[in-house]
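The following exercises concern one protein chain. Each task is followed by a solution in steps.

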Amino acid sequence: MDLSSEKIKRTLLKYKFHDVAVEELQKIHRMYPGMKPSTGTYTFSDSTQKDLIKLIGNIPVQYEGRSYNFPVLLWLLDSFPFTPPICLLRPTANMVIREGKHVNAQGRIYLPGLHNWDHPKSSIVGLLTEMTAKFAEDPPLSTKTTGDDKDPHELLAFVSNLQINDGNVHDFNFAVDDRYKKKRLNVCFSLLTFVLGGNKNPNQLNKVSVVGGGDLGMATVMSILSKCKVDKLVFIDVAESSTKGGSTDLEIFSLPKVEVSRDFSASADSRVVVVTANAWSSEQSYVSVVQTNVDMYRGFIPNLARLSPKAVMIIASQPVDLMSQVAWRQSGLPPTHVIGAGCNLDSERLSHVLDINLNTHKPAWVIGELSDNKVPVMSNTQLSSSVNPDIATGSASAKPLLDRAFEMIKNRGQRSWSVGLSIADITNSVLLDKNKMHSVSTLAQGWCGIGSEVFLSLPCIMGANGSTRLAGVSVGPEEDAKLRDSVSSLSNHMSQLRI
C-alpha cells in the first residue's frame, strides 16, 4: 500500500498508534489491494471536523452465482486500529441504496463486527470479509429506475439482467437456467418492489411479537389487539425474566390471532418486535442490576434481529434509555429500527392536558431521559399544520402554560396498562405507516450538538421504515443543563456495562 504521499504521511503522524496503524494498513493491502488510501476531512455529527485516512475501493460479492463489486468507503479514526472505522456505501449515480439490516438509508454500514470491535481480534481484513458475506445474503444496492411510467414487467426483466462491475451498472442478456429461474425472479421482484415504491410488501402479514410476560407484557398484548390491525400476534414468555407470567392464561382462553410460544423462532418475519422483559436481581448497585438485564438481552436480542431483520424493535424494559441502546448494540440493526417507549406516554398526556384542559391546540412532547431530568417542549405550529414543527421550551408567554401542564401530569405514574397503550400507539404508527410524531428513545448522537453515543427520547416521525428524528429543539439554559446531565450520566453507566 502506497503510504508515501506527503498528505498521507502528515495525517498518519497525528494517529495515536502510528506504527500499529501503518502495520494494519499493509495487512489490508496484502489481502485487499484494491482498497486505496487517501486523506480527507470527516465531519462528525456534532459538526466537529478532523483530517483522517480513508480507504476507498470495491468489495467482491458473490450473489446468485454471479460476481458484483460493491463500492465502499472506510474512514479510519485517529485511534485506529483500536476503534472501528466508519463504514459507508459509495453508490454511483446509477445506484440506489436498499435500506436493510446492515445499511441505513444514508448508506451507513452496521455490522456485528463493528459493534463488537476489539483489536487485535478485530481487523479491517476481517471486517471486509464479514461485509462480503453479509452483502451476499442481502445486497444493499440496486439500480435506479429511469421513469415512473415504466412497465413493471419491463422493469422486472431489466432488474434481472443487472451486473455491477467496477462501480458501474451494466445491462446484458443471458439465458436463465431453469433451476435458478424461480429463485432469481423472487429476488428481482423484491428489487422491483423497492424501485417502484420502497420496500413495502402488500402481501406481508401484519405480524407483531411481544417478548416478556407479566403485567406489562399482558397489557401490551391486549392494547395491541385492541388498537392495531394485526394478522398475527406472537407472545413469548421469557424464562429468565422476573416479569414472566400470563402465557398460561392466554393459552387457556385462546384469543383469536394470538400464538403463545416459548420458542423465539415463532417471532420470525415480524414487522414489530416489542420487548417488555426485565430480569431484576438482588444486586445492590444500580449498574449491577442493569447488568442483569443486559445479560438476559444478550441471550435473545441478536436472535430476534436475525429472525426479523426488517422489524422495528420497541424496547420497554427498564431503564428504557440504557436498554434501548443495549438492544441496538446487540442487534446490529440500524438505529432507526431500534427505539424505546421512552417518554411517549408522558408526551401524549402532556398534549392532551394542553388541548383539553388548557385549550392550547399545539402538539407537545416530553424529551430527554425517562427520569427527573426530562423536559417538556411544544411546537409553535397548530396540530393541523402540515409543516415541520418549530419546537421549543416555550416563548415567554407560552412557557408558564407548558410548565403548568407538565406539573399536571407529573404524578400520574407509569402503570403497566398505560405503558401498554402507549406501546400500542407506536406500533400502530409503524404498521399503518402513519408518519406520526412520537417522543421515543432513539440514538441522540449529533442532535443539538450531542457528541456521545446515548439514547434519549426525542420527537421522531414513526412509520413503516422506523424512526426519523426531527430537527433540533430550542431549549433554555435550565433545560439544556438537564439534557447534558442525562447525557453524562447515561454515558457513564454505559461505559460500566458489559454489552
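**Exercise 1: A helix with a buried side**

In helix α15, the residues Glu-479, Leu-483, Ser-486, Val-487, Leu-490, His-493 and Met-494 are buried, that is, under 20% relative accessible area, where exposed means over 50% and partly exposed in between (1.4 Å probe, protein chains only). The model is predicted: local features need pLDDT of at least 70, side-chain atom pairs count only at pLDDT 80 or more, and totals for chains, interfaces and linings use all residues. Residues are numbered from 1 along each chain as its sequence is written, and side-chain values use heavy atoms, without hydrogens and water.

Solution. 
1. Helix α15 (residues 477-496) has 20 residues, and its first and last C-alpha atoms are 29 Å apart, close to the 28 Å expected at 1.5 Å a residue. The expected span is 1.5 Å times one less than the number of residues.
2. Helices here are DSSP runs (H or I, at least four residues), as are strands (E, at least two), both numbered from the N terminus.

**Exercise 2: The surroundings of α2**

Task: Determine which elements the buried residues of α2 pack against.

Solution. 
1. The 14 residues of α2 (residues 18-31) should span 20 Å at 1.5 Å a residue, and the end C-alpha atoms are 20 Å apart, which agrees.
2. Ala-21, Glu-24, Leu-25 and Ile-28 are buried in α2.
3. Seen down the axis of α2, the buried residues fall within an arc of 105°, so they line one face of the helix.
4. Asp-19 and Arg-30 are exposed on the face of α2 turned away from its buried side.
5. The buried residues of α2 pack against α1 (6-13), β2 (49-63), β3 (66-76) and α4 (124-137), where contact means heavy atoms within 4.5 Å.

**Exercise 3: A helix pair**

Task: Describe how α9 and α11 cross, and state whether Asn-293 is buried or exposed.

Solution. 
1. Two packed helices are described by the angle between their axes and the distance between the axes.
2. The axes of α9 (residues 286-298) and α11 (residues 320-331) come within 10 Å and cross at roughly 35°. Axes are lines fitted to C-alpha atoms, for helices over the stretch in contact, with angles from 0 to 180 degrees between N-to-C directions.
3. This crossing is right-handed, meaning that the near helix is turned clockwise from the far one by less than a right angle.
4. Among the residues of α9 that meet α11 are Tyr-286, Val-290 and Asn-293; those met in α11 include Leu-322 and Met-323.
5. Asn-293 is buried, with a relative accessible area of 0%. Beyond its neighbours within four places in sequence, Asn-293 is in contact with Ala-277, Asn-278, Ala-279, Trp-280, Ser-317, Gln-318 and Met-323.

Note on methods:
Arc of directions from axis to C-beta.
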